[in-house]
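Please open the structure in your viewer and keep the selection tool at hand.

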Amino acid sequence: MGDIKGDNDDDYSAYRLTCETVDGTSLYTSKALRAERGILVAFTTREGGYSRTPYDSLNLGLHVGDADAAVIKNREALCVLLGLDPSRMTCAEQVHGSVVAVVDESVAGSGAMSLKEAVRGADALVTNLEAVPLALFFADCVPVVIVEPRHRIIGVAHAGWRGVHANIAENTIYGMVEDGAVEPADMIAFIGPSIGGCCYRVGEDLIKKFAETFSHKERWLHGSKLDLPALVNDQLEKAGIEPARIFSCEDSCTSCRNELFFSYRGDGGVTGRQAAVAAVLPRRDSGNTNDLP
Ligand SMILES: [Zn+2]
């Protein structure tokens with residue numbers, strides 16, 4: 001794949017996320033990463049799908065009280081849109097911990113159709129298997145997708161304040177470099193829609209907890225509002241990913257843009273979940289998909 005964009009090419013701006021709308025479903029994706037590297041990264045919104053209020057309408061979370069049938073239908077529709085096999089979608093339990101699970105063939109497809117089969121105790125998933133989409137679900141917490149395009153390894157992490165505090169982004173990178181053959185310097189990272197430093201007001205106790213762990217308070221605290229995406233960005237850089245290879249969705253505070261995103265706070269606690277999805281596509285499917293999001 002290196003013949004299209006050399007591994008030493010330092011212009012990675014083509015990999016930025018853009019918002020695409022197909023058949024009434026809007027999602028953020030890196031078109032160039034898919035076309036050039038055969039790796040899919042997508043962050044969904046609440047648009048599209050079949051769920052009813054208060055889960056309207058592309059709710060992808062099975063754990064929020066929505067009808068399971070609607071969620072499965074939504075997942076299947078999303079997979080059709082993205083050219084993925086819904087039965088191979090692999091999901092984690094998401095317990096606000098910092099455990100990273102490596103997805104091998106024995107757990108591929110876990111949690112695709114049922115919550116209780118999701119990978120236990122994990123908040124991040126890593127794989128190098130082709131055609132095994134990793135999917136985690138969000139409504140304010142920070143979605144992080146990390147890609148090592150040369151060896152085609154992907155990681156997806158769920159970072160709420162507990163995950164950020166426990167540095168799950170860095171743990172995910174460690175999970176990807178386990179065999180020592182890959183390095184953070186070769187990775188590209190994507191930070192999806194989450195509640196921003198504009199809206200995430202927290203109590204004194206939490207601010208104190210963060211101040212004990214993180215320096216440069218001005219980077220991540222605005223009055224009494226915590227900027228989790230800024231902290232995640234700093235953690236990715238500190239772990240060795242170049243700033244030019246870290247991409248965020250523009251204008252994507254889930255609380256500010258509650259019409260476009262599910263927001264736990266913005267919706268008063270009962271709401272749906274958008275997804276962060278990543279997949280290593282089979283090589284034969286790569287490079288011929290510019291028409292897909
Ligand atoms: Zn906001």
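The tour below visits a metal site, a helix and the nonpolar cores of this predicted model.

**Stop 1: the zinc ion.** Select the zinc ion together with C198, C199, C253 and C256, whose SG atoms coordinate the metal at 2.2 to 2.3 Å. The angles among the four donor atoms are 101 to 119°, and the site is tetrahedral. Along the sequence, the donor residues follow the spacing C-C-x53-C-x2-C. C198 belongs to the loop between β10 and α5, and C256 to the loop between β13 (246-248) and β14 (274-280), so this pair ties together parts that are 58 residues apart in sequence. Now colour by accessibility: C198, at 41% relative accessibility, counts as partly exposed, and C256 counts as partly exposed at 48%.

**Stop 2: helix α2.** Select residues 68-82, the 15 residues of α2. From first C-alpha to last, the helix reaches 21 Å, close to the 21 Å expected at 1.5 Å a residue. Its buried residues include A70, V71, I72, L78 and L82, as well as N74 and R75. Then select G83, which follows α2 and has a positive phi, near 75°.

**Stop 3: the nonpolar cores.** Which residues have the most contacts inside the largest nonpolar core? They are I146, F210, L226, V232 and L236, in a core of 36 residues. Among the elements that give two or more residues to this core are β8 (142-148), α5 (204-213) and α7 (228-238). Select V232 and look for its contacts beyond four places in sequence: V142, V144, A159, V164, A169 and I191. Finally, select F43, A101, A108 and I188, which are included in a second, separate core of 34 residues.

Methods:
Residues are numbered from 1 along each chain as its sequence is written. This is a predicted model: local features need pLDDT of at least 70, side-chain atom pairs count only at pLDDT 80 or more; totals for chains, interfaces and linings use all residues. Side-chain values use heavy atoms; hydrogens and water are left out. A nonpolar core is a set of buried Ala, Val, Leu, Ile, Met, Phe, Trp, Tyr and Cys residues joined through side-chain atoms within 4.5 Å. Buried means under 20% relative accessible area, exposed over 50%, partly exposed in between (1.4 Å probe, protein chains only). Helices (H or I, at least four residues) and strands (E, at least two) are DSSP runs, numbered from the N terminus. Contact means heavy atoms within 4.5 Å. The expected span of a helix is 1.5 Å times one less than its number of residues. Donors are N, O and S atoms within 2.8 Å of the metal (3.2 Å for Na, K and Ca); water is not among the atoms, so sites may look incomplete. Four donors count as tetrahedral if all angles lie between 85 and 135 degrees; four count as square planar and six as octahedral if opposite donors are over 155 degrees apart and all others between 65 and 115; anything else is irregular.
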